[in-house]
Amino acid sequence: KLQFLYFIGGGKKKNRRGVGGNEIMDEASPPPSQQNLQATIQRLLDKSVPFVLTRYFALLFFALQFCLRVYYVQGFYVVAYALGIYLLKLLVLFVQPLVDPESEDDDDQGLPSLAGDEYKPFVRKMPEFKVWLNAIKAILISLILTLIPFFDIPVYWPILLVYFILLFVLTAKKQIMHMWSHKYIPFNVGKKRYSGKSNVKEYEK
């Protein structure tokens, strides 16, 4: 909440006079140490953007650690179920267009299209890097939760597994039907160019 107020205020430090005329820093302004930490983390994240394979190897490593943790303790199935639902949601946001054509007058918004001689690629509702970042955050938080006995809620895990498989199948079917009806695929195979006269597609790999 304090960071949100700080962002709305334009990032300016607002001071006010206290007893004796001393300046008191406004609570909406984060301390310099927190700002430096956030800046350092952001720089590291920016540098990791090109290393796609490395990022997903790290994601796979932490996901494997979580699975081994759940298998070893034979518990925390509710945490695993919640994590699976959240990762499924991220996957859906990754393959969905930025603007749903069914809710817009222009059904080409966010979908691959040809405007004159310019090719418009598929625009995702959530970019790949943000999907990866949210996924690895969720896995790390889930790993931490497995260290707290309070979240080890007794449950019959096969029921959760059946619910998750059913939800996955229904979600996948809905998304495939959406792609089929609007004739698009959520991937850009290559950069496409169009000639002005013959309107011939060329691919640059």
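Colleague: Hi! Is Phe-62 buried, exposed or partly exposed?

Modeller: In this predicted model, Phe-62 counts as partly exposed, because its relative accessibility is 25%. Buried would mean under 20%.

Colleague: And what about Phe-61, buried or partly exposed?

Modeller: Phe-61 has 46% relative accessibility, so Phe-61 is partly exposed. Exposed would need over 50%.

Colleague: How many aromatic pairs turn up in the whole structure?

Modeller: Four aromatic pairs were found. One of them joins Phe-61 and Phe-62: the ring centres are 5.4 Å apart and the planes sit at 70°, so this pair is edge-to-face.

Colleague: What kind of aromatic pair do Phe-129 and Trp-132 form?

Modeller: A tilted one, with 5.5 Å from centre to centre and 35° between the planes. Phe-129 and Trp-132 are both buried. They are separated by about one helical turn, because they lie three residues apart in helix α5.

Colleague: Let's go inside, then. Which residues touch the most other members of the largest nonpolar core?

Modeller: Leu-59, Phe-66 and Trp-132 do, in a core of 23 residues. Helices α3 (52–73), α4 (77–95) and α5 (128–145) are the elements that each give two or more residues to this core. The largest share, nine residues, comes from α5.

Colleague: Which residues is Leu-59 in contact with, leaving aside its neighbours within four places in sequence?

Modeller: Those are Trp-132, Ala-135, Ile-136 and Ile-139.

Colleague: New topic: charges. How many salt bridges does a search of the whole structure find?

Modeller: One. Its partners are Glu-128 and Arg-55, whose side chains meet at 3.0 Å, N to O. The pair links distant parts of the chain, with Glu-128 in helix α5 and Arg-55 in helix α3, 73 residues apart.

Colleague: Is Arg-55 buried or exposed?

Modeller: Arg-55 is buried, since its relative accessible area is 3%. Glu-128 has 24%, so Glu-128 is partly exposed.

Colleague: Last one, back to the surface. Which residues form the nonpolar patch there?

Modeller: Leu-91, Trp-157, Leu-161, Ile-165, Phe-168 and Val-169 form that patch, and together they have about 550 Å² of accessible area. Helix α6 (residues 157–182) supplies the largest share, five residues.

Colleague: Where does Ile-165 lie?

Modeller: Ile-165 lies in helix α6. With 44% relative accessibility, Ile-165 counts as partly exposed.

Terms used
Residues numbered from 1 in each chain as written. Predicted model: local features only at pLDDT ≥ 70, side-chain atom pairs only at ≥ 80, totals over all residues. Heavy atoms only, no water. Patch = residues over 30% accessible without salt bridge, like charges linked within 9 Å, V, L, I, M, F, W, Y side chains within 5 Å. Areas by Shrake-Rupley, 256 points an atom, 1.4 Å probe, with all protein chains shown as cover. Salt bridge = Lys/Arg side-chain N within 4 Å of Asp/Glu carboxyl O. Helix = DSSP H or I, 4+ residues; strand = E, 2+ residues; numbered from the N terminus. Buried < 20%, exposed > 50% of the residue type's maximum accessible area, 1.4 Å probe, protein only. Core = buried A, V, L, I, M, F, W, Y, C linked by side-chain atoms within 4.5 Å. Contact = heavy atoms within 4.5 Å. Phe/Tyr/Trp six-rings, centres within 6.5 Å; stacked < 30°, edge-to-face > 60°.
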